[in-house]
Amino acid sequence: MERNHLPGQFASQSMSIQLTELDYKSASQRARVLTESWLAVNALCPACGGAYVKTPNNTKVLDFNCKSCTRPFELKGSKTKFGKKVVDGAYGSMIASIREGRQPNLILMNYRLPFSVLDLFILPRRFIVEPMVVARTPLSKNARRAGWVGCNLDLEIIPKSALIHCVINGAPVPQENIQRSWAATEELESIEGAERGWIAVALGIVDSIGSGFFSIDDIYAYESRASRLFPNNKNVKAKLRQQLQRLRDMGFIEFHGNGAYALTNKFIGN
Ligand SMILES: [Zn+2]
């Protein structure tokens, strides 16, 4: 470790050095430099505790890699709190990156000015699945980029525990807890394509039921959600049952017989 502060502690002195180097006029460039600098100085990779390093020659998005494990991350900073829908870039390129398995982990940073970080959480790439990507209305013909279609990421369809909290109300979460939350669902990373979408949606349904014990009928009550998210699938109930078996095999739930299920500690997390 190259830095002399403990994981989770904020190195405010280093931060002020960065600030004096600020040379930018526009507010967005300034915000970008602040959020990037903060991340590089104050946060560590949720998977291995390595340092974040800026991807070289990057001009478009805020891209980082972990110096140790090389996992990819993209930083999104916002002065307003992130809601249930996160505004992302072009719809087409988001869908393509998911299909090609190259979507980065998203770091969502909520800050205020003068600069301090209120909340920071990570949406691991394993939960960035096609059903959560919702197309926005195309830009009007008078817009500079007329016809351009952006997207929102709908966080409501995935379980709350999918998000890894690193800073809550200005207080850092211990790195050990961050890494434990990361590891809890890491196994999903090995599931490919549309199947990963199904398991993420099934976990989201189990989370929405909101009880440690549930029945197959509780799952079926969300059939319309699953049908909306997978419009081409004509046998949603069977597909949901298959996900329950997978979740059992991965240790997230237990089967208690007669269509009764229970969450395990692994699902509940932390
Ligand atoms: Zn790492």
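The legends below describe close-up views of one predicted model. Residues are numbered from 1 along each chain as its sequence is written. In this predicted model, local features need pLDDT of at least 70 and side-chain atom pairs count only at pLDDT 80 or more, while totals for chains, interfaces and linings use all residues.

**View 1. Overall content of the chain.**
The chain holds 9 helices and 13 strands. Helices (H or I, at least four residues) and strands (E, at least two) are DSSP runs, numbered from the N terminus. Of the 270 residues, 29% are buried. A residue is buried if 20 or more other C-beta atoms lie within 10 Å of its own, exposed if 12 or fewer, and partly exposed in between, with C-beta atoms placed from the backbone. Taking contacts between residues at least 6 apart in sequence, 56% join residues at least 24 apart. Two residues are in contact if their C-beta atoms, placed from the backbone, lie within 7 Å.

**View 2. The largest nonpolar core.**
A nonpolar core is a set of buried Ala, Val, Leu, Ile, Met, Phe, Trp, Tyr and Cys residues joined through C-beta atoms within 7 Å. The largest one has 56 residues, and those touching the most other members are Ile107, Leu120, Ile158, Cys166, Val201 and Ala202. Helix H5 (residues 193-209) contributes the most to this core, with 8 residues. Apart from its neighbours within four places in sequence, Val201 contacts Pro131, Ile157, Ala226 and Leu229.

**View 3**
Three strands form an open sheet in the order S4-S8-S7, with antiparallel pairing. Strands S4 (85-90) and S7 (133-135) are the edges, each pairing on one side only. Two strands pair if DSSP finds at least two bridges between them. On average, neighbouring strands of the sheet are turned by 35° against each other, direction ignored. S4 and strand S8 (residues 150-154) run antiparallel and are joined by 5 bridges. Ala90 has Gly150 in S8 as its bridge partner. Helix H3 (residues 91-99) packs on the sheet and touches S4, S7 and S8; its direction makes about 95° with that of S4. Axes are lines fitted to C-alpha atoms, for helices over the stretch in contact, and angles run from 0 to 180 degrees between N-to-C directions.

**View 3. Strand S3 and its partners.**
S2 and S3 form a hairpin with 5 residues between them. Their pairing is antiparallel over 3 bridges, and Asp63 stands opposite Glu74 in S3. S3 also pairs with S5, in the parallel sense and over 6 bridges; here Gly77 stands opposite Met109 in S5. Phe73, Leu75 and Gly77 make up the covered face of S3, whereas Pro72, Glu74, Lys76 and Ser78 make up the uncovered one.

Most residues other than glycine have a negative phi, and most peptide bonds are trans. Thr70, in the loop between strand S2 (63-66) and strand S3 (72-78), has a positive phi near 65°. Thr70 counts as exposed because it has 11 C-beta neighbours inside 10 Å. Asn169 also has a positive phi, of about 50°, and lies in the loop between strand S9 (164-168) and strand S10 (171-172). Asn169 counts as exposed because it has 6 C-beta neighbours inside 10 Å. The peptide bond joining Leu113 and Pro114 is cis, with omega about -5°. Pro114 is in the loop between strand S5 (105-112) and strand S6 (116-123).
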